[in-house]
Amino acid sequence: MAGKAAASPSPAAIAREERRLRTMTKALLTTHGRRSSLGLVAARASQAARADVGAIFIRDAIGDDVILSPARRLSAAGLAALGSTSPLAAGLLRNPLTRPRLIYLEDGRLGTAMLWGVYGSKHAHGVLLVARRREAQPYSESDLPLLAPFAIEAGLAVMFTEARHDLERGLLAQDRNRIARELHDGVIQSLYGIGMVLAGVKAQTFQPPTHDQLSAMTESLNGVIDDIRAYIHDLTPPRLASRGLGPELCSLASEFEASSGVITSVRLNDGVDEIQTAMGRDLVQIAREALYNVAKHAAASRVVVSLRCTAQSIRLEISDDGRGITRKQRSSIRGLANIVRRAEAWGGTAEISATGGNGTLVRVLLPAHAAAIALSAIAVAV
């Protein structure tokens, strides 16, 4: 039987999700220690899933660990099934979880539990678990998508812990502003976009099309996490460095179309893959910010990303057929200021305007010699 069509999230629900992601990201950035960060995620996941206990099983370079959220009305004996020496912990730490699933806990006072894989890096993996007591209403597979945002946050918590170690050793002490900018413009916006999709997906019955959607989103998240590691270690995004700017913009468009349902096309001319990687990174982030605003504000059905490179200039345009931007929105949407700042850092300009008909056009024009300009530091509050 086909699952129910997912209702579009309301503006209020979208705003709440955005505030939650921003608050949680700030908390992860300011919480010291892997156990503290993961304990915070486990507690939030447990609360959201109306569970009696949340737990994160993690294996990384630091070692194996099991972090439990505060358990309601459960003794140590009642939590024995989740202990670090339990058969369950050994199995979850040994083999990465390939798909979310339900299990029933035979030992202690716990009953059904939901599991979702946690991936912090190539060398770190784990599992987020939430469980209810035996006498409580059991979970169903339709509840599983509730864990997705928290599993993402757990992976970020592991990565942020590694980044803090590097910062404490002085490796990145001069690069805090760039990291804050990239986290704001890339990571938070990507996670928020995925959160919007999950809000619609979780109302569906767990059917094959839903599996396909979650699979595509998982691939997108893995790419985002890889990029975070690259930024933290003062590298360029590995996908951009290895594939070129053109393929990276095409990949961004495909991910956006899959997550938003807006038909997205890319138009490129010869020479775009010769653009300096540092400038290419900012062009990708400008396009990402513009697409995020299309998803949030435009109510568009189509969007076109165009990049042209000539001997005199580099022109990036993102146009949509939505409701069009208003003067009030141009001054109030915070992300638009980031687009302008990125363009100005390369000696260029950015214009955001309503088109002649319906829709919005974001046009970024950079001088061709901008590759020789040193990128100035831009402090963007996260």
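Q: Which residue of β10 stands opposite Arg315?

A: Strands of a sheet pair through backbone hydrogen bonds, either parallel or antiparallel. In this structure, Arg315 stands opposite Leu365 in β10. The model is predicted: local features need pLDDT of at least 70, side-chain atom pairs count only at pLDDT 80 or more, and totals for chains, interfaces and linings use all residues. Residues are numbered from 1 along each chain as its sequence is written, and side-chain values use heavy atoms, leaving out hydrogens and water. Helices (H or I, at least four residues) and strands (E, at least two) are DSSP runs, numbered from the N terminus.

Q: In which sense do β8 and β10 pair, and over how many bridges?

A: Two strands count as paired if DSSP finds at least two bridges between them. β8 and β10 are antiparallel, joined over 7 bridges. Ile318 stands opposite Val362 in β10. On β10 one also finds Arg363, which has Glu351 opposite. β9 and β10 pair in the antiparallel sense too, over 6 bridges.

Q: What is the order of the strands in the open sheet with mixed pairing?

A: The order of its 5 strands is β6-β7-β8-β10-β9. β6 (263–268) and β9 are the edge strands, each pairing on one side only. From one strand to the next, the twist averages 10 degrees. Axes are lines fitted to C-alpha atoms, for helices over the stretch in contact, and angles run from 0 to 180 degrees between N-to-C directions.

Q: Which strands does α8 touch where it packs on this sheet?

A: α8 touches β6 and β7, and its direction makes about 170 degrees with that of β6. Contact here means heavy atoms within 4.5 Å. α9 lies across β7, β8 and β10, running at about 15 degrees to β8.

Q: At what angle do α8 and α9 pack?

A: Two packed helices are described by the angle between their axes and the distance between the axes. For α8 and α9 the angle is about 15 degrees, and the axes are 11 Å apart. The two helices are therefore roughly parallel to each other; angles under 35 degrees count as roughly parallel, over 145 as roughly antiparallel, 65 to 115 as roughly perpendicular and the rest as oblique. Among the residues making the contact are Leu245, Leu249 and Phe256 of α8, together with Leu283, Ala287 and Leu291 of α9.

Q: How many residues has the largest nonpolar core?

A: In soluble globular proteins, nonpolar side chains tend to be buried together. The largest core here has 33 residues, and Leu283, Leu307, Leu316, Ile318, Ile339, Val364 and Leu366 have the most contacts inside it. A nonpolar core is a set of buried Ala, Val, Leu, Ile, Met, Phe, Trp, Tyr and Cys residues joined through side-chain atoms within 4.5 Å. Elements that each supply at least two of its residues include β7 (302–309), α11 (334–345) and β10 (360–367). The largest share, 9 residues, comes from α9. A second, separate core of 24 residues includes Trp116, Ala124, Leu128 and Leu147.

Q: Why is β10 described as largely enclosed by the rest of the structure?

A: β10 is so described because 6 of its 8 residues are buried. Buried means under 20% relative accessible area, exposed over 50%, and partly exposed in between (1.4 Å probe, protein chains only).

Q: What is the strand order of the open sheet with antiparallel pairing?

A: Its 5 strands are ordered β2-β1-β5-β4-β3. β2 (63–68) and β3 (101–104) stand at the edges with a single partner strand each, so one side of each lacks a neighbour in the sheet. Here the twist averages 20 degrees from one strand to the next. β3 and β4 (residues 110–121) run antiparallel, joined by 4 bridges, and Arg101 stands opposite Leu115 in β4. Helix α2 (residues 34–48) lies across β1 (53–60), β2 and β5 (124–133), at about 140 degrees to β1. Helix α3 (residues 87–94) lies across β1, β2, β3, β4 and β5, at about 50 degrees to β1.

Q: Where is Arg50 found?

A: Arg50 is in the loop between α2 and β1. Most residues other than glycine have a negative phi, and most peptide bonds are trans. Arg50 has a positive phi, near 55 degrees, and counts as exposed at 67% relative accessibility. Ala299, in the loop between α9 and β7, also has a positive phi near 55 degrees. With 60% relative accessibility, Ala299 counts as exposed.
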